[in-house]
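Subject: Structure handover

Hello,

Please find the structure below. My notes on the pocket and the ligand follow it.

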Amino acid sequence: MKIAIINGPNINLLGKRETGIYGNRSFEDYFRELQEKYPAVNLYYFQSNIEGDLVNELQRVGYDYDGIILNPAAYTHTSVAIGDAVAAITTPVVEVHISNVHAREDFRKFSHVSAKSAGSIFGLGLKGYELALQFLMERNNHQSL
Ligand code: DQA
């Protein structure tokens with residue numbers, strides 16, 4: 001089973017970026033733990049600060065992988081192109097936000113990807129990625145029954 005985690009801008013700074021909101025841990029460190037905990041899953045990680053690179057990556061994995069966990073970060077709120085890419089691909093997408101975007105500034109309450117995703121998780125910290133992974137694993141098992 002192949003699952004891609006795709007993170008948007010500034011997620012490469014996790015652990016040193018607004019730690020009161022995003023925590024002290026780097027994503028690479030968390031990703032290593034996820035890989036160890038779920039050895040049966042072929043987990044792939046991609047991060048970019050560039051909108052078009054995120055669209056390219058969604059297109060590349062989006063007809064082949066079994067699931068995508070997507071945190072488009074700030075582009076969530078601005079990118080029609082990322083929303084269109086999520087709508088275009090056939091792989092199910094779970095949208096994840098580390099912080100509770102609904103408890104923050106108003107501009108963070110709108111998402112271009114929520115309506116096109118299988119579902120969304122926000123405010124549960126890095127745990128949201130693992131919960132999304134568990135959902136996609138279960139979904140995949142049911143499909144292959
Ligand atoms: C974020 C929330 C976004 O509003 C913000 O721009 C981010 C991170 C989150 O994971 O909580 O960069 O997507």
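A molecule counts as sitting in a pocket if more than half of its atoms lie within 2 Å of the pocket's grid points. On that criterion, the ligand sits in the largest pocket. Please keep in mind that this is a predicted model.

The pocket first. The volume of the largest pocket is about 150 Å³. Its lining is made up of 16 residues, and R17, Y22, A73, A74 and R108 are the closest to the centre. By class, seven residues of this lining are nonpolar, six are polar and three are charged.

Now the ligand. The residues around the ligand are R17, Y22, N71, A73, A74, H77, H97, I98, S99, V101 and R108. This shell divides into five nonpolar, four polar and two charged residues.

- S99: an N or O atom of the side chain is 2.6 Å from an oxygen atom of the ligand.
- H77: a polar side-chain atom lies 2.7 Å from a ligand oxygen atom.
- H97: a polar side-chain atom is placed 2.8 Å from an oxygen atom of the ligand.

How much of the ligand's area does the protein bury? Taken alone, the ligand exposes 320 Å², and the protein buries 99% of that.

When you open the file, I would begin with the ligand and the side chains of S99, H77 and H97.

Regards

Technical notes. Residues numbered from 1 in each chain as written. Predicted model: local features only at pLDDT ≥ 70, side-chain atom pairs only at ≥ 80, totals over all residues. Heavy atoms only, no water. 1 Å grid on protein atoms, 1.4 Å probe; cavity = no way out; pocket = protein on both sides within 12 Å on 5 of 7 lines; lining within 4 Å. Points joined across faces, edges and corners; volume = space filled by probe spheres on them. Nonpolar A, V, L, I, M, F, W, Y, C, P; charged D, E, K, R; others polar. Near = heavy atom within 4 Å. Polar contact = N/O pair within 3.5 Å; in protein donor to acceptor, adjacent residues only side chain to side chain. Areas by Shrake-Rupley, 256 points an atom, 1.4 Å probe, with all protein chains shown as cover.
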